[in-house]
Amino acid sequence: MSIEWNNKFETNISEIDTQHKRLFFLLGEVENLYNNNKGNLSQKSKEIKEAISALEQYTLSHFLIEERVMEDNDYPDLENHKELHNKFTDKIFQGKEQMMTSDFFSDEAKVDDFLQHLIKFLNTWLTNHIMVKDMDYKPYIRHTL
Ligand SMILES: [Fe+2]
């Protein structure tokens, strides 16, 4: 299930909220590709890899901006928050690397299982992270970039 935006995700920092919406959109693109091509995922290998790469790139730039906002506002838990970001980007990176191996898309059942788990992990992590960890910095932010 793609993530629907709701007010539990709102940091009230407009550029951060806009970026979080974009992250949900990009993750939704991966999920749509998976849902719409079940049984035929190997035929969509190029699009799936591109969608994961787009998500990865946007995540990296978003985290950098978010970390700069926290840093500029002297958020005391910045280092822990960065650690969490790094673990998440590692997970996307690893997923992408696995998909890039030459025979990855040759086993439809394996691809299905892999994508199903990856999408579930990314959805769960992202929603929890925004609702819990990003809300932690919210009261500290007095100005944005
Ligand atoms: Fe964050």
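Two residues are in contact here if their C-beta atoms, placed from the backbone, lie within 7 Å. The tour below applies that criterion to a predicted model.

**Whole chain**

Begin with the entire chain in cartoon view. The chain holds 4 helices and 0 strands, and reading along the sequence gives the pattern α-α-α-α. Along its principal axes, the C-alpha trace spans about 50 × 25 × 20 Å. The radius of gyration is 16 Å, which agrees with the value near 15 Å that a compact globule of 145 residues would have. Of the 145 residues, 19% count as buried. Among contacts between residues at least 6 apart in sequence, 75% join residues at least 24 apart.

**Ile3**

Next, select Ile3, which is placed in the segment before helix 1. Is Ile3 buried or exposed? Ile3 has 20 other C-beta atoms within 10 Å; a residue counts as buried if that number is 20 or more, so Ile3 is buried. Now display the partners of Ile3. Leaving aside neighbours within four places in sequence, Ile3 is in contact with Phe24, Leu27, Gly28, Asn123 and Thr127. For a distance to draw in the viewer, take Ile3 and Ile52: these residues are 49 apart along the chain, and their C-alpha atoms are separated by 16 Å.

**Helix 1 and helix 2**

Select residues 14–36 for helix 1 and residues 45–72 for helix 2. Two packed helices are described by the angle between their axes and the distance between the axes. The axes of helix 1 and helix 2 come within 9 Å and cross at roughly 165 degrees. Angles over 145 degrees count as roughly antiparallel, and helix 1 is therefore roughly antiparallel to helix 2. Helix 1 passes helix 2 in a left-handed crossing.

To see the contact, show the side chains on both helices. On helix 1, the contact is made by Ile16, Gln19, Arg22, Leu23, Leu26, Leu27, Glu29, Val30 and Leu33. On helix 2, the contributing residues include Ile48, Ala51, Ile52, Leu55, Tyr58, Ile65 and Val69. Colouring by class shows 14 nonpolar, 3 polar and 4 charged residues in the contact of helix 1 with helix 2.

**Two backbone positions**

Most residues other than glycine have a negative phi. Asn12, in the segment before helix 1, has a positive phi near 65 degrees. Asn12 counts as exposed, with 9 C-beta neighbours inside 10 Å.

Then select Asp74 in the loop between helix 2 and helix 3 (78–100). Asp74 has a positive phi of about 55 degrees although it is not a glycine. With 9 C-beta neighbours inside 10 Å, Asp74 counts as exposed.

Notes: Residues are numbered from 1 along each chain as its sequence is written. This is a predicted model: local features need pLDDT of at least 70, side-chain atom pairs count only at pLDDT 80 or more; totals for chains, interfaces and linings use all residues. Axes are lines fitted to C-alpha atoms, for helices over the stretch in contact, and angles run from 0 to 180 degrees between N-to-C directions. Helices (H or I, at least four residues) and strands (E, at least two) are DSSP runs, numbered from the N terminus. Angles under 35 degrees count as roughly parallel, over 145 as roughly antiparallel, 65 to 115 as roughly perpendicular and the rest as oblique. A crossing is left-handed if the near helix is turned anticlockwise from the far one by less than a right angle, and right-handed if clockwise. Ala, Val, Leu, Ile, Met, Phe, Trp, Tyr, Cys and Pro count as nonpolar, Asp, Glu, Lys and Arg as charged, and the others, Gly among them, as polar. The radius of gyration is taken over C-alpha atoms; the globule rule is 2.2 Å times the number of residues to the power 0.38. A residue is buried if 20 or more other C-beta atoms lie within 10 Å of its own, exposed if 12 or fewer, and partly exposed in between; C-beta atoms are placed from the backbone.
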